[in-house]
Amino acid sequence: MTNVRIYVTYKPSVFDPQGETIKNSIHALGHDEVADVTVGKFFDVQINATGDAVEASVKSIAEELLVNFNMETYTYEVREG
């Protein structure tokens, strides 16, 4: 069993309205040192495979279901336990 976390975020060229709203709220709290906020989502997935099969599963899951490639991109990491 392999535990994977898939991160889905907006592409850098796409305006992130939630991130901008959160950044403005942080500034309203007096934290002007915060330069930018990006909002995304993650999915914890347990895959009954190892090695290259994990990568193939993640690619298929992300590209066919989780990611809107017009405005989003993804990365993933294999996690312990």
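The questions below ask how terms apply to this predicted model. Residues are numbered from 1 along each chain as its sequence is written, and side-chain values use heavy atoms, with hydrogens and water left out. In this predicted model, local features need pLDDT of at least 70 and side-chain atom pairs count only at pLDDT 80 or more, while totals for chains, interfaces and linings use all residues.

Q: Why is Val58 called buried?
A: Buried means under 20% relative accessible area, exposed over 50%, and partly exposed in between (1.4 Å probe, protein chains only). Val58 has 1% relative accessibility, so Val58 counts as buried.

Q: Where does Val58 lie, and with which residues is Val58 in contact?
A: Val58 lies in helix α2, residues 52-66. Helices (H or I, at least four residues) and strands (E, at least two) are DSSP runs, numbered from the N terminus. Contact means heavy atoms within 4.5 Å. Leaving aside neighbours within four places in sequence, Val58 is in contact with Val4, Ile6, Ile47, Tyr74 and Tyr76. The C-alpha atoms of Val58 and Tyr76 are separated by 7.9 Å, with the two residues 18 apart along the chain.

Q: What makes up the largest nonpolar core?
A: A nonpolar core is a set of buried Ala, Val, Leu, Ile, Met, Phe, Trp, Tyr and Cys residues joined through side-chain atoms within 4.5 Å. The largest one has 12 residues in all, among them Val4, Ile47, Val58 and Tyr74. β1, β2 and α2 each supply at least two residues of this core, and α2 gives the largest share, 4 residues. In soluble globular proteins, nonpolar side chains tend to be buried together.

Q: What makes the aromatic pair of Tyr7 and Phe42 tilted?
A: Rings of Phe, Tyr and Trp (its six-membered ring) pair if their centres lie within 6.5 Å; planes under 30 degrees apart count as stacked, over 60 as edge-to-face and the rest as tilted. The structure holds 2 aromatic pairs. In the pair of Tyr7 and Phe42, the centres are 6.5 Å apart and the planes are at 50°, which makes it tilted. Tyr7 is in strand β1 (residues 2-10) and Phe42 in strand β2 (residues 40-47), 35 residues apart.

Q: Why is the pair of Phe69 and Tyr74 edge-to-face?
A: The ring centres of Phe69 and Tyr74 are 6.3 Å apart and their planes are at 70°, so the pair is edge-to-face.

Q: Why does Phe69 count as partly exposed?
A: Phe69 has 35% relative accessibility, so Phe69 counts as partly exposed.
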